[in-house]
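I opened the file to look up two things and kept notes as I went. The entries are in the order of the look-ups.

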Amino acid sequence: MKALLLIDIQNDFLPGGALAVNEGDLVVPVANRLMGQFPLTVATQDWHPVNHRSFASQHPQRNIGEVIDLDGLQQVLWPDHCVQGSHGAKLAPGLNLQGIDHVIQKGTDVEIDSYSGFFDNDHRKSTGLGTLLRDQGVQEVHLVGLATDYCVKFTALDAVSLGFETSVILEGIRGVELTSGDCARAVDEMLSAGVEVI
Ligand code: VGL
Ligand code: ZN
């Protein structure tokens, strides 16, 4: 059984959003088209408390895009985004919401970021996504969404290490590209880890 994973297709990652991904809106029609071809579709939703430690606004001396040490982990500082209950945190309005079977929220712990849909960045806690997929008999996952160089990449890498046959659909992903080449490097890393890129 295969599942489609929609990664963080939320207003704040679309053009005009707080952490806008270039062409992020273009993944929406790809996601809608693919949903019909999968028996199970699960969406992840970045869902941060208003004072999340990944926000540059919580570190007065720091700027957006800077990397800091947060409890021993490297943390990129982001603009405030995907705040729980905000418009920016909502799944993109163009998504076929009826076609989504489950929504998994992540990044809810104020102290630690969670790029992967499966675990936080230190693998301290799971989100429940792995168990959900296992319980449904899923062996194979296909990913579309945002962003290639963060949440798509880390979700795909965790999916592989959990033993899922994992593919990313290039047409349905876009990245932040904080540094030029980040998306290409992310795709290479996924390939090296055993992710199929289609
Ligand atoms: C994401 C940065 C911060 C993502 C989420 O969805 O890729 N990136 N939070
Ligand atoms: Zn986030």
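The notes below take a metal site and then a nonpolar core, both read from a predicted model.

**Entry 1, zinc donors.** I looked up which residues donate to the zinc ion (ligand 2). The protein donors are Asp46 through OD, and His48 and His81 through NE2. They lie 2.0 to 2.2 Å from the zinc ion. Aspartate 46 sits in strand S2 (residues 40–46), while histidine 81 is in the loop between strand S4 (73–76) and strand S5 (102–106). These two are 35 residues apart, so I noted the pair as a link between distant parts of the chain.

I then checked the angles among the four donor atoms of the zinc ion (ligand 2), which run from 88 to 170°. I logged the site as irregular, because tetrahedral requires all angles to lie between 85 and 135 degrees.

Are aspartate 46 and histidine 81 buried or exposed? Aspartate 46 has 4% relative accessibility and counts as buried. Histidine 81 is buried as well, at 3%.

The largest nonpolar core holds 54 residues. Elements supplying at least two residues each include strand S1 (2–7), S2, helix H3 (148–161) and helix H4 (182–193). Helix H1 gives the largest share, six residues.

Leaving out residues up to four places away in sequence, I found valine 141 touching Ala3, Leu5, Leu133, Ala159, Phe164, Glu165, Thr166 and Ser167.

Key. Residues numbered from 1 in each chain as written. Chains lettered and ligands numbered in written order. Predicted model: local features only at pLDDT ≥ 70, side-chain atom pairs only at ≥ 80, totals over all residues. Heavy atoms only, no water. Donors = N, O, S within 2.8 Å, 3.2 Å for Na, K, Ca; no water. Tetrahedral: all angles 85-135°; square planar, octahedral: opposite > 155°, others 65-115°. Helix = DSSP H or I, 4+ residues; strand = E, 2+ residues; numbered from the N terminus. Buried < 20%, exposed > 50% of the residue type's maximum accessible area, 1.4 Å probe, protein only. Core = buried A, V, L, I, M, F, W, Y, C linked by side-chain atoms within 4.5 Å. Contact = heavy atoms within 4.5 Å.
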